[in-house]
Amino acid sequence: MYPPRLIERYYRILSSVFRKKVKELGSEYYETKDIPFKVIKQDINGTEFSINNNTFMLTMLGNHQIENAICAIKTLYVLREEGKIKISDEEIYEIFTLSAI
């Protein structure tokens, strides 16, 4: 396993490269670490967490899995805001709830 300081250093380098490229493309840059979440329950059956009072369920354990889900959720919200997809909050919730069955 890599030392945390080394991981943080590489993260800062990669983040600056991504931010620069996104700016060149005229797009926006989002980071899952900037989106607050709360773990409600985590056990052998999975992880229940909330974002902005919306609760989601994953069959996978670990905060990194929550971050992956947050990335997917944020992507759906952005695409919806840009008018590229039509999806309700309920449908987004169902995607994660159904994946937990």
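Ile92 touches Phe56, Ile73, Leu76, Tyr77, Arg80 and Ile87, leaving aside residues up to four places away in sequence. The model is predicted.

## The core around Ile92

Ile92 is among the residues with the most contacts inside the largest nonpolar core. That core has 14 residues. Phe49, Ile51, Phe56, Ile73 and Phe96 share this standing with Ile92.

Helix 2 gives the most, with six residues.

Strand 2 and strand 3 run antiparallel and are joined by five bridges. Glu48 has Met57, in strand 3, as its bridge partner.

Gln65 is found in helix 2. Is Gln65 buried or exposed? Gln65 counts as buried, at 17% relative accessibility, because the cut-off for buried is under 20%. Gln65 touches Leu58 and Met60, again leaving aside residues up to four places away in sequence.

## Arg80

Arg80 also belongs to helix 2. Its relative accessibility is 27%, which counts as partly exposed. Beyond residues up to four places away in sequence, Arg80 touches Ile85, Ile87, Ser88, Asp89 and Ile92.

Two polar links can be named. The Arg80 side chain reaches the backbone oxygen of Ile87 at 3.0 Å. The Arg80 side chain also makes a polar contact with the side chain of Asp89, at 3.0 Å.

## The loop between strand 2 and strand 3

Asn52 lies in the loop between strand 2 and strand 3. Asn53 lies in the loop between strand 2 and strand 3 as well. Both deserve a look at their backbone angles.

Phi of Asn52 is near 50 degrees. Phi of Asn53 is near 65 degrees. Most residues other than glycine have a negative phi.

How accessible is Asn52? Asn52 is exposed, with a relative accessible area of 62%. Asn53 counts as exposed too, at 78% relative accessibility.

## Salt bridges

Side chains of opposite charge can pair when their charged atoms come close. How many salt bridges does a search of the whole structure find? The search finds five. The table includes some of them.

| Salt bridge | N to O distance | Relative accessibility |
|---|---|---|
| Arg19 and Glu31 | 2.9 Å | Arg19 42%, Glu31 7% |
| Glu24 and Lys21 | 3.7 Å | Glu24 53%, Lys21 45% |
| Glu82 and Lys84 | 3.3 Å | Glu82 48%, Lys84 59% |

Take Arg19 and Glu31, whose side chains meet at 2.9 Å. Arg19 lies in helix 1 (residues 4-24), while Glu31 lies in the loop between helix 1 and strand 1 (38-43), so the pair ties together parts that are twelve residues apart in sequence. Arg19 is partly exposed. Glu31 is buried.

Where do Glu24 and Lys21 lie? Both are in helix 1, three residues apart, which is about one turn of the helix. Glu24 is exposed, whereas Lys21 counts as partly exposed.

Glu82 and Lys84 make another salt bridge, at 3.3 Å. Glu82 counts as partly exposed, whereas Lys84 counts as exposed.

Definitions and conventions:
Residues numbered from 1 in each chain as written. Predicted model: local features only at pLDDT ≥ 70, side-chain atom pairs only at ≥ 80, totals over all residues. Heavy atoms only, no water. Salt bridge = Lys/Arg side-chain N within 4 Å of Asp/Glu carboxyl O. Helix = DSSP H or I, 4+ residues; strand = E, 2+ residues; numbered from the N terminus. Buried < 20%, exposed > 50% of the residue type's maximum accessible area, 1.4 Å probe, protein only. Core = buried A, V, L, I, M, F, W, Y, C linked by side-chain atoms within 4.5 Å. Contact = heavy atoms within 4.5 Å. Polar contact = N/O pair within 3.5 Å; in protein donor to acceptor, adjacent residues only side chain to side chain. Pairing = 2+ DSSP bridges.
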